[in-house]
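Here is a short briefing on one protein model. Keep the sequence and the 3D view open as you read.

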Amino acid sequence: MITLKDVARRAGVSTATVSYVLNNSSKKVSEKVAQRVRDAARELDYRPNMAARTLRLNKNNIIGIISEDVTSYQVSNILQGVNQVADRENYQIILADLNLNEKVWTGENQDFTRVENYRDEIQEKIRIFQMAGVGGIIYIGMHDRDITGLFETDMPLVYAYCYTRNEEDHMVNADNQKITTQAVEAMIRKGHRRIGLISGPVESVPAYKRLMGYQTALMQANIMLDPKLIAYGKWGVVSGGAACRRLMELADPPTAIFCMNDLMALGAMKVLKERGCLIGKDVDIMGFDDIDACEFVEPRLTTIRIPLAELGKMAAGKVISLIQNEEDGERSRELPCTLIERESFVFR
C-alpha cells in the first residue's frame, strides 16, 4: 500500500508538506514544491485514505491503542497514563492487544524479531480502527527497541516505549543515558573505583545509551575504562548470572555492579550469594526498570524507575495534538528516570 511517506520520499519533502498539498491546505507551499508532490503522487498512483482524511477533518475523539501485550508491566503502566489524559480531554479509547509476551520467548530470552511475523495482524487492527472512527493511534511497545518499518499508516501515530529511525515519526521514551551517569556517579561517590557493568545486547540502542552513561561517569571521575569490567547478557536472569560470574572471576573483581535491567540483576544477585558475597556490603549492585520483584528479593534491589505513566500521558497528549492539527514540532521526547534506593546499594 502506497502511503504519504512514500510520496514524501519520492518528492523529497516532509509528510506534512504532502498532506498540505493533497488536502489543498492554506499552508504556504511554493508552486514548484506543490507540483513536485503532485507529480510524485501521480507516479506512485497514490490513493488517499478517505476515511482517515474525514476523521482528521472531523477531529474525531477516539484514540486507538495497539498494545504489544497488556500483561507487561510496562504496557499496563503506560496505559494508565494514556487513560488519565483521555478521560481529562474527553477522548475515548479502543484497545487492540497483540498478546506478544508468550509469542516471542526463546528459552529464557525474548526474541523480538518474531514481532515481524505479526505485520498483517497489526495492519488488520489499523483497518478496524479506521472503520471504528479512530482519529489517531498510539503504539505501545513492551520493550524499548527499534521497530522501524513494522507498519505504516497515514493516521496520526505516536510510538510509546519504542522508537524508529524515521526523524518524522513521533516518539516518547525514557532518558537512558543521563540516569545511568547519575547511577554510576553515586557508586563513585561511595568510593567504588572498579564498577562492573552487565550490559544488554550491543545492537540495542537503549543498551548503547546506558553504556555511554556509564562511560561518561567514569570519564568525569578520571577513572580509566577497563573493558574487562563489561560483561554482556541477553536481558534474562540466566544470562545476567553468567555475566556476573565472569566479572567475579577476574583477578581484580568489581566492588559494585550496574546491571542494565532488573532481570539480569536478579541473576547476578543469585551468583553473588552462591559465592558467599554480602550484597550491599561486599558488593553493591543496582538494576534498571523497577519491576515488582525488586521489593521482594533479599536484599531488596536498588534500581532505576522509568516514568511509564508519565510516558503514557505524554504519548496521549501528542496524539491528541496531532488529531487536532496542533503539532508542537517536537517529535521525539525522552522523559527523566528516577533512582530508587533500597538495600542492595545504599547511596550514602
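A residue counts as buried when its relative accessible area is under 20%. With that cut-off, Leu4, Lys5, Asp6, Val7, Ala8 and Ala11 are the buried residues of helix H1. The model is predicted.

**Helix H1**
- Helix H1 spans residues 4-11, and six of its eight residues are buried, so the rest of the structure largely encloses it.
- Two helices receive its buried residues: these pack against H2 (15-22) and H3 (31-43).

**The four-stranded sheet**
- The sheet is open, and its four strands follow the order S9-S8-S10-S11 with parallel pairing.
- Strand S9 (230-232) and strand S11 (284-286) form the edges, each pairing on one side only.
- On average, neighbouring strands of this sheet are turned by 15° against each other, direction ignored.
- Strands of a sheet pair through backbone hydrogen bonds.
- Strand S8 (residues 195-199) and strand S10 (residues 256-259) run parallel and are joined by four bridges.
- Gly196 has Ile257 as its bridge partner in S10.

**Helices across the sheet**
- Helix H8 (residues 205-220) lies across S8 and S9. Its direction is at about 170° to S8.
- Helix H10 (residues 262-274) lies across S8, S10 and S11. Its direction is at about 160° to S11.

**Ile279, a loop residue**
- Ile279 sits in the loop between H10 and S11.
- Is Ile279 buried or exposed? Its relative accessible area is 11%, and the cut-off for buried is under 20%, so Ile279 is buried.
- Leaving aside neighbours within four places in sequence, Ile279 is in contact with Met269, Leu272, Lys273, Ile285, Pro299, Glu343 and Ser344.
- Arg300 is 21 residues apart from Ile279 along the chain, and their C-alpha atoms are separated by 9.7 Å.

**Cavities**
- How many cavities of 30 Å³ or more does the whole structure hold? A search finds two.
- The second largest cavity has a volume of about 30 Å³.
- Its lining consists of Arg193, Ile195, Tyr214, Leu218, Ile223, Met224, Leu225, Asp226 and Leu229.
- By class, that lining has seven nonpolar, two charged and no polar residues.

Notes
Residues numbered from 1 in each chain as written. Predicted model: local features only at pLDDT ≥ 70, side-chain atom pairs only at ≥ 80, totals over all residues. Heavy atoms only, no water. Buried < 20%, exposed > 50% of the residue type's maximum accessible area, 1.4 Å probe, protein only. Contact = heavy atoms within 4.5 Å. 1 Å grid on protein atoms, 1.4 Å probe; cavity = no way out; pocket = protein on both sides within 12 Å on 5 of 7 lines; lining within 4 Å. Points joined across faces, edges and corners; volume = space filled by probe spheres on them. Nonpolar A, V, L, I, M, F, W, Y, C, P; charged D, E, K, R; others polar. Pairing = 2+ DSSP bridges. Axes fitted to C-alpha atoms, helices over the stretch in contact; angles between N-to-C directions.
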